[in-house]
Amino acid sequence: IRDSVGTLMKMIKSTALALTIFHLFLIMFFAGTVQAQVQNKDQDGIKNKICSQLVKKFQIRIKGLKKVHKGMYNAISSSLPLDRIDRYNRHVNILDGNLNREIKLIKGLLEKIQHQDKKCKDIAERLSPDINKVYEIRTSVHEAIFNSNTSNYKKLVEKLGSQVQSISDKL
């Protein structure tokens, strides 16, 4: 009887050990599955966060572009006859350089946005034509300054203002 009780106790211990190990593996499996799902959701959240951060940077650059436009518009409206719009006017050259810098930064942000998720790509596709028009206007503004073409410069600054407003409205 003692051998049978001893054998029975060993079987109970081994069965209890097997069930305990089985339950531990089962818990680990479900915990791993839940953790993987949470990480996947976190990655989507990070992508949305990156997209929103890029859009905020984009809005900051648009504000900078508006400031440059305002300066250019004020240069046109200046009542001083000495403030000619030509390549020798330091203020106009600084504004042209600032316009060039802002547009390059905006184009760089546009490229970063295009490499993000679908939502960001949609934003980039919506803004891309307007940004390309602003880039073309910038080239024409530079030529107008170099050629001292004041009337063309005024028209281009007005076009620039409408394009900047269009971009701002689409954000």
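Residues are numbered from 1 along each chain as its sequence is written, and side-chain values use heavy atoms, with hydrogens and water left out. Because the model is predicted, local features need pLDDT of at least 70 and side-chain atom pairs count only at pLDDT 80 or more, while totals for chains, interfaces and linings use all residues.

The secondary structure of the chain comes to 4 helices and 0 strands, where helices (H or I, at least four residues) and strands (E, at least two) are DSSP runs numbered from the N terminus. Read along the sequence, the pattern is α-α-α-α. Of the 171 residues in the chain, 27% are buried, a term that stands for under 20% relative accessible area, with exposed meaning over 50% and partly exposed the range in between (1.4 Å probe, protein chains only). Among contacts with a separation of 6 or more, 77% join residues 24 or more positions apart, contact being defined as heavy atoms within 4.5 Å.

When its neighbours within four places in sequence are left aside, leucine 99 is in contact with Leu65, Val68, Met72, Arg138, Val141 and Leu160.

Helix H3 has 29 residues and, at 1.5 Å a residue, should span 42 Å, which agrees with the 42 Å between its end C-alpha atoms; the expected span is 1.5 Å times one less than the number of residues. A kink of about 40 degrees lies in H3 at serine 128, shortly before proline 129, the bend at a residue being the angle between axes fitted to the seven residues ending there and the seven starting there. Serine 128 counts as buried because its relative accessible area is 16%, and, not counting residues up to four places away in sequence, serine 128 touches Leu110 and Gln114. After H3 comes serine 148, whose phi is positive, near 55 degrees.

Tyrosine 73 lies in helix H1 (residues 2-77) and is classed as partly exposed because its relative accessibility is 42%. The C-alpha atoms of tyrosine 73 and valine 157, which are 84 residues apart along the chain, are separated by 6.5 Å. Lysine 104, in helix H2, is classed as exposed because its relative accessibility is 54%, and its C-alpha atom is separated by 10.0 Å from that of arginine 61, 43 residues apart along the chain.

The structure holds 1 aromatic pair, under a definition in which rings of Phe, Tyr and Trp (its six-membered ring) pair if their centres lie within 6.5 Å, with planes under 30 degrees apart counted as stacked, over 60 as edge-to-face and the rest as tilted. This pair is formed by phenylalanine 29 and phenylalanine 30, and is edge-to-face, at 5.3 Å centre to centre with 65 degrees between the planes. Phenylalanine 29 counts as exposed at 53% relative accessibility, whereas phenylalanine 30 counts as partly exposed at 47%. The ring of tyrosine 135 has the charged end of lysine 107 over it, 5.0 Å from the ring centre, and the charged end of arginine 138 also sits over this ring, 5.5 Å from its centre; a charge sits over a ring if NZ of Lys or CZ of Arg is within 6 Å of the ring centre and within 35 degrees of the ring normal.
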